[in-house]
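Subject: Structure for your review

Dear colleague,

Please find below the structure that I am handing over to you.

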Amino acid sequence: MSTSKKVKTIPAIKPIFTDVKSTEIRKRRVAAYARVSTDEDDQLNSYEAQVDYYENYIKGHDDWEFVKIFSDEGITGTSTKHRDGFKAMIEVAMRGDIDLIVTKSVSRFARNTVDSLTAIRKLKEKGVEVYFEKENIWTFDSKGEVLITIMSSLAQDESRNISENTTWGVRKSFQDGKAQIPFSKFLGYDKGEDGSFVINPEQAKTVQLIYKLYLEGLSCHSIKKELTARKIPTPTGKEQWNIQTVKSILTNEKYKGDALLQKHFTVDFLEKKMKKNEGEIPQYYVEGHHEPIIDPATFELVQHEMERRKQSKYRYSGVSIFSSKIKCGECGCWYGKKVWHSNESRRKVVYQCNNKYKGDVKCRTPYVTEDEIKNVFVKALNLLLSEKDELIANAKAISSLLCEDKDLLERKNNLSEELNRVTKAIESSVYENARVSMIQEEYRLRYQSLVEQFSRINKEYEAVDSQITDRKVRKEIIEQFIHDIESQELINSFDEELWTGLVDFVTVYDKDDIRVTFKDGTEIRG
């Protein structure tokens, strides 16, 4: 027996917002969202035009009430993470103060499909509609979400293509040996008409001062304080220097005229996250890329000194010209500066072994005053200068014998050729695997073998290169030492410049046994 079905209609009691004008008495509260992707002038003009257009557009509807124009200038569209204007708009809408959001297009709203759909669904649940003018999409329309998904995916794919094309262009310029730096934040160079590096004379003086102070014995911390005290502006124009900025200047190869390209790379085109390149993608080193501010020999001296300070088992201090220059003859630790009696009448500054009161066994070496060290230096230097001719002849012989690097240079060139050969083999292997069907286990074993071969050769290459650098540094130290004493006469009083330029360190064994070791290796008891 069949029964007739009864269908009860439950009428809609919540109005659906569309492009049809509302007949309700209460006006729809409408906001607009505008965004430009770059900070170029023409884009900023476009931004201003968007703001002006949407304000007039909203106010032109009798049944709309203008709320506000939310905007983001110069912000990437691939993520909503750093878009303050966008986030503020969503917050106001979720508070119930907006009924409708008008924006130019899906790509202006978000180029990330997930972000776009998440925001739209969140707004929809709160009864807030979004209108995309270019695509004529209303999110409360039955086809709205399907169209939004399609358009957002297309926009995201467009962003990926733009990112990949930009990345390809940057990496191609790296392959061609073209360096790119943020000149406005890079101390010492201005951007030339053709994008070249042009030395900024005033800023270059600051760079040279930093290298000079470091080689005189100051630490990065002390240099930071000195630059701040002299009111020299930082690379970004600030008054306060920090240690990391000083260290960065001291280790950047661009100051000696070379350029290491692709130090960092973008991991994810959506988040724009940058990562330090630790071998994931190729790097390119260009020698003689531009005019140097620091001559290569001085640059290598600084790197050598940095490594020496780092490898020392005792903490380096560069507070004064005597810091980390006076060594304990018993334990090998540096002498540190101590102030005895703080009041002026009995105040005394001395240097003593930093390990003197550490552990069970105390060092028996005595403390010394600055005047005692100064007197020892004057006496030792005059003894050195009394046999100047013989000393210079010996120094030149040592330089010629120990600093010759012809065989090492030849070995370095051979290793460089081997590295290029293996690199091409790796690239060829990856290219072939991407385009030809291969047994992946065989490919993996072949690839791993090539990578291991590259690592082995590269390790030897770096060792040889390090030996060459050490010999160049040693040669530079000896040549500078010879240059400094060739025209030097006997001295009657302490000279700070001679101390920092000629002395490697001083060793204290006893009050009557203090020895000065000069930078050529000569040791004289003062």
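Serine 324 is buried, because its relative accessible area is 4%, and buried means under 20%. In this predicted model, serine 324 lies in the loop between α9 and β12. Its phi is near 55°, a positive value in a residue other than glycine.

Is lysine 231 buried or exposed? With a relative accessible area of 73%, lysine 231 is exposed. It is found in the loop between α7 and α8, just after α7.

The chain as a whole may be described as follows. Its secondary structure comes to 14 helices and 18 strands. The chain has 526 residues, and buried residues make up 41% of them. Among contacts between residues at least 6 apart in sequence, 62% join residues at least 24 apart.

Helix α7 covers residues 220-229. Which of its residues are buried? They are Cys220, Ser222, Ile223, Lys224, Leu227 and Thr228. When reading such a list, please recall that an α-helix has 3.6 residues a turn, so residues three or four places apart point the same way. What covers the buried residues of α7 includes α6 (201-215) and α8 (243-251).

Helix α8 in turn packs with helix α9, which spans residues 296-311. Two packed helices are described by the angle between their axes and the distance between the axes. The axes of α8 and α9 come within 9 Å and cross at roughly 125°. The two helices are therefore oblique to each other. On the α8 side, the contact involves Lys247, Leu250 and Thr251; on the α9 side, it involves Phe299, Val302, Gln303 and Met306. Of the residues in this contact, four are nonpolar, two are polar and one is charged.

Glutamate 253 lies in the loop between α8 and β8 (259-261). Its relative accessible area is 8%, so glutamate 253 is buried. Glutamate 253 and glutamate 300 are 47 residues apart along the chain, and their C-alpha atoms are separated by 9.6 Å.

I turn now to the nonpolar cores. The largest nonpolar core has 36 residues. Which of them touch the most other members? They are Tyr335, Ile373, Phe377, Leu381, Trp499 and Phe518. Two or more residues of this core come from each of the strands β12 (326-328), β14 (348-353), β16 (503-510) and β17 (513-518), and likewise from each of the helices α10 (370-385), α11 (388-402), α13 (440-486) and α14 (496-502). Helix α10 gives the largest share of this core, eight residues.

Leaving aside its neighbours within four places in sequence, phenylalanine 377 is in contact with Ile491, Phe494, Asp495, Leu498, Trp499, Val503, Val516 and Phe518.

Threonine 500 is found in helix α14. Its relative accessible area is 6%, and threonine 500 is therefore buried. Not counting residues up to four places away in sequence, threonine 500 touches Leu215, Glu216, Ile321, Lys325 and Lys519.

How many disulfides does a search of the whole structure find? The search finds zero.

Yours sincerely,

A colleague

Technical notes. Residues numbered from 1 in each chain as written. Predicted model: local features only at pLDDT ≥ 70, side-chain atom pairs only at ≥ 80, totals over all residues. Heavy atoms only, no water. Buried < 20%, exposed > 50% of the residue type's maximum accessible area, 1.4 Å probe, protein only. Helix = DSSP H or I, 4+ residues; strand = E, 2+ residues; numbered from the N terminus. Contact = heavy atoms within 4.5 Å. Core = buried A, V, L, I, M, F, W, Y, C linked by side-chain atoms within 4.5 Å. Axes fitted to C-alpha atoms, helices over the stretch in contact; angles between N-to-C directions. Parallel < 35°, antiparallel > 145°, perpendicular 65-115°, else oblique. Nonpolar A, V, L, I, M, F, W, Y, C, P; charged D, E, K, R; others polar. Disulfide = S-S within 2.5 Å.
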